[in-house]
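I would like to walk through one model with you, beginning with the fold as a whole and then moving to particular residues.

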Amino acid sequence: MDKRVCVVGCGYIGLPTSAMFASSGCDVLAVDLSERVVDNLNAGRITIEEPGLAELVADAVAAGKLRAALAPEPADAFIIAVPTPFVDDGSRACDLSYVMAAVESVLPVLEEGNLLVVESTIAPRSIDDFVVPAVEAAGFRVGESVFVAHCPERVLPGKIIYELVNNNRIIGGVTPACTAAATELYRAFVAGEILQTEAKVAELSKCMENTFRDVNIALANELAMVCDKLDIDCLEVIRLANKHPRVNLHTPGPGVGGHCLAIDPYFICAKAPETARLIKLARDINCGMPEFVCGKVDAHFAARGIAPRSAKVVALGVTYKGNIDDCRQSPAMDAIALLEERGYSVAVFDPHVEQYGCSDPKALFEGADLAIVLTDHNEFKGDALGEFVTAMRTPVIYDTRNIVSAELAGAQVYNFGNGYEF
Ligand code: SAJ
């Protein structure tokens, strides 16, 4: 394909997308506000970590197919891949300001026949209610003189290049002509199925994918709390219920983090606050899990007559899930803050986060009364903590991720299955 493609936003999605279009023959201009990102890219270097991306970018730049700039230039297609944070006012509604600024930056160079695609995750109806009016205010007729679509990304960091090519792709146009134009563009590198629909359907299906997971995790977390009250092993309940061919209970834990599951459901709630009750309740349940976990720690020490200020706790893991270095919206961070607020002395260890790394982890366990596992890193799984627990004053482990061997030598291990004993 020999189209000119301009991608606005050179982050985890925009940069790999630029590289994919360039390697499929398009002339790509990658736009970013950061001079550092632009200069590095023009020198063939990248500023994010993603397997396979550095080579792809270096080759595309060397071949003259990919270059970077601070502002958009005329092209056949424009792709918006900027962040969508949430509004920090309690509603956590979708903050469209970066997306709209990116759209505004494209308008001065937009020409008749062009295609404008938003890839950023956005609340349902954002394209129809905000992007289309902005484009039409600049003198175009969407579906006639320019074409607008939403094509949400669904890739998992660490596997972005593979998933960009092979995942099924939802393409939602404002009109059928818009859908057709975007489909033709993405065929440049997408090998997966292209699922054509309307823009607002594409927006809501992306938000619902992550909401489905969040609601199901909330159900598992609620079950863990019910089992705690009733002295029932919830992990055994889940194991047995999941033997049913149509049941798939998720895994309970200290809460839900990351920039997707912990954010996208609010985009729906903010659009229909009176109606999206289950989605909001699931968010509340998952956000309450760090508090539940800390309540268990309080009860454990209270039963032994130990005040929080006399107890030393080792917190294992700060990231929102295992084997990554991402701490965004991490429930582990929330649990640690709550323990510190209560007066516990907390030593934090996370081998995946520089700030919390430690050359001698055993020293952190010295004299500790409790180790609490908050993230499912491989370094904490099975018997891996065995070499450290010997340094503890009371070798007790509270494993909120259900990854430590129940028979770990030299320690008493509690998890969401036997946690009612904790
Ligand atoms: N978690 C549980 N119990 C479970 C499963 C997960 O407590 O049974 C927790 C994890 O520990 C973590 C959080 O949920 O804190 C989210 O982890 P995740 O692996 O489910 O999701 P993300 O945020 O890393 O990636 C998701 C993915 N979406 C879905 O699986 C529906 C990914 O495919 C999307 O590309 C990504 O969101 C996105 O960008 O939307």
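Among contacts in the protein, meaning heavy atoms within 4.5 Å, between residues at least 6 apart in sequence, 71% join residues at least 24 apart. Please keep in mind that this is a predicted model, in which local features need pLDDT of at least 70 and side-chain atom pairs count only at pLDDT 80 or more, while totals for chains, interfaces and linings use all residues. Residues are numbered from 1 along each chain as its sequence is written, and side-chain values use heavy atoms, with hydrogens and water left out.

Taken along the principal axes, the C-alpha atoms of the protein fill a box of roughly 75 × 50 × 40 Å. Of its 422 residues, 53% count as buried, where buried means under 20% relative accessible area, exposed means over 50%, and partly exposed lies in between, using a 1.4 Å probe and protein chains only.

Let me turn to leucine 53, which lies in helix α3, residues 53–62, helices being DSSP runs of H or I with at least four residues, numbered from the N terminus. Leucine 53 counts as buried because its relative accessibility is 0%. Leaving aside neighbours within four places in sequence, leucine 53 is in contact with Leu15, Pro16, Ala19, Ile46, Ile48 and Ile161. As for alanine 19, its C-alpha is 7.8 Å from that of leucine 53, although the two residues are 34 apart in sequence.

For contrast, valine 226 is found in helix α8, residues 199–230, and is partly exposed, with a relative accessible area of 40%.

Note on methods: Helices (H or I, at least four residues) and strands (E, at least two) are DSSP runs, numbered from the N terminus.
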